[in-house]
Amino acid sequence: MEYQTTAGWSLISSGLTTLLLIVLPGKSLWWGVALLAIGSTVLFVRKADIA
């Protein structure tokens, strides 16, 4: 069950990110790198918070 929830949130977030990259000005590559860095930071902080 947890896998289905994770997969669902992953698909939703990737769809929203795609829409966000279309709307944001500038090159989407740099926005993608920035969003990846922010997401990784949030994931790391949340994982450390749970442990």
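Helix α1 supplies the largest share of the lining of the largest pocket, seven residues. This is a predicted model, where local features need pLDDT of at least 70 and side-chain atom pairs pLDDT 80 or more, while totals for chains, interfaces and linings use all residues. Numbering runs from 1 along each chain as its sequence is written, and side-chain values use heavy atoms, leaving out hydrogens and water.

Back to that pocket (an open set of points on a 1 Å grid where a 1.4 Å probe fits, with protein on both sides within 12 Å along at least five of seven lines; lining residues have an atom within 4 Å of a point). Both α1 and α2 (28–50) give at least two lining residues each. Among the residues of the lining are W9, S13, T17, G32 and L36. By type, the lining splits into five nonpolar, five polar and no charged residues, with Gly counted as polar.

As for the overall fold, the protein has two helices and zero strands; helices are DSSP runs of H or I with at least four residues, strands runs of E with at least two.

Now look at I22, which sits in helix α1 (residues 2–23). I22 is exposed, because its relative accessible area is 67% and exposed means over 50%.

Notes
Buried means under 20% relative accessible area, exposed over 50%, partly exposed in between (1.4 Å probe, protein chains only).
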